[in-house]
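Please read them alongside the coordinates.

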Amino acid sequence: GAIKGVGEGPIEGIVEERKSGGPYKDLFEFCRRIDTRRANRRVMESLIRAGALDELGPNRATLMAALPQALKMAEQESRTQASGTGDMFGFDSGVLEESPASFDEVPEWDEDIRLAGEKETLGLYLTGHPFNKYEQELGHFTSCRLSNVNADNKGRSMTLAGLIIAMRTRPTKRGDKMAFLTIDDRTGRMEVTLFSDTFTRYQDLLVKDQVVVVSGEVRYDDYAGGPVMRVNEVFDIERA
């Protein structure tokens, strides 16, 4: 029910049908059995992007490609049952137990698309982290991972890297702005501060959900309950 674009109503219907009719076999059977008026195409797309239907097909890209056909077949079957055509020709419910369609498998989405879908629908990365593909390269020129920064690093100049997961700005007395970023490298999170001159110089690089490399002085902040950094330089991945 916490999946963005889904809500509790459609999920309750899906769970009720699973309890009464058993586990779903694949996407086509899933669409036939659920109430597609409650779980419409938009809901189904959110479920696929969140990974909730991973067991019902080869991969998420294939599930998304097959969804229009699966919904169309479910709608046609619903109309047939409503009109009584099946009974007229002597069909019974047993005929519908096996899926009458098969997947035309397509290559899985690349990691960026898969993770973006998870972040959009769940608010977090579930099956990986955008930092992963840069981890080895960044290890050659960063001081350490974020989880290893501690009070012993107070006063040290360090180079750290992470994904920008949050950013807020605040006006200064001079009328310009300073910024506070939260960066995440999968091992930990840390707040870094860019005072007005630094923020003005590098603000084009400060994009949420992008990996950045920051250099500056680390201090321990009692209010934050951990180490923070005053940033002097910012690099995107290519420049770093």
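In which hand does α3 pass α6, left or right? The crossing is left-handed. Keep in mind throughout that this is a predicted model.

1. Geometry of the helix pair. Two packed helices are described by the angle between their axes and the distance between the axes. Here the pair is α3, residues 41-50, and α6, residues 111-122. Their axes come within 7 Å. They cross at roughly 120°. Angles of 65 to 115 degrees would count as roughly perpendicular, and those over 145 as roughly antiparallel. The α3/α6 angle therefore makes α3 oblique to α6.

2. Who makes the contact. From α3 come S46, R49 and A50. From α6 come G117, E118, E120, T121 and L122.

3. Backbone at R186. This residue sits in the loop between β2 (177-184) and β3 (189-194). R186 is not a glycine, yet its phi is positive, at about 80°. Is R186 buried, partly exposed or exposed? Its relative accessibility is 44%, so R186 counts as partly exposed.

4. Backbone at D209. Look next at the loop between α8 (196-202) and β4 (211-221), where D209 lies. Phi of D209 is near 70°. That is again a positive value in a residue other than glycine. D209 has a relative accessible area of 31%, so it is partly exposed.

5. Points to check on screen. Start with the left-handed crossing of α3 and α6. Then inspect the positive phi of R186 and that of D209.

Key
Residues are numbered from 1 along each chain as its sequence is written. This is a predicted model: local features need pLDDT of at least 70, side-chain atom pairs count only at pLDDT 80 or more; totals for chains, interfaces and linings use all residues. Side-chain values use heavy atoms; hydrogens and water are left out. Axes are lines fitted to C-alpha atoms, for helices over the stretch in contact, and angles run from 0 to 180 degrees between N-to-C directions. Helices (H or I, at least four residues) and strands (E, at least two) are DSSP runs, numbered from the N terminus. Angles under 35 degrees count as roughly parallel, over 145 as roughly antiparallel, 65 to 115 as roughly perpendicular and the rest as oblique. A crossing is left-handed if the near helix is turned anticlockwise from the far one by less than a right angle, and right-handed if clockwise. Contact means heavy atoms within 4.5 Å. Buried means under 20% relative accessible area, exposed over 50%, partly exposed in between (1.4 Å probe, protein chains only).
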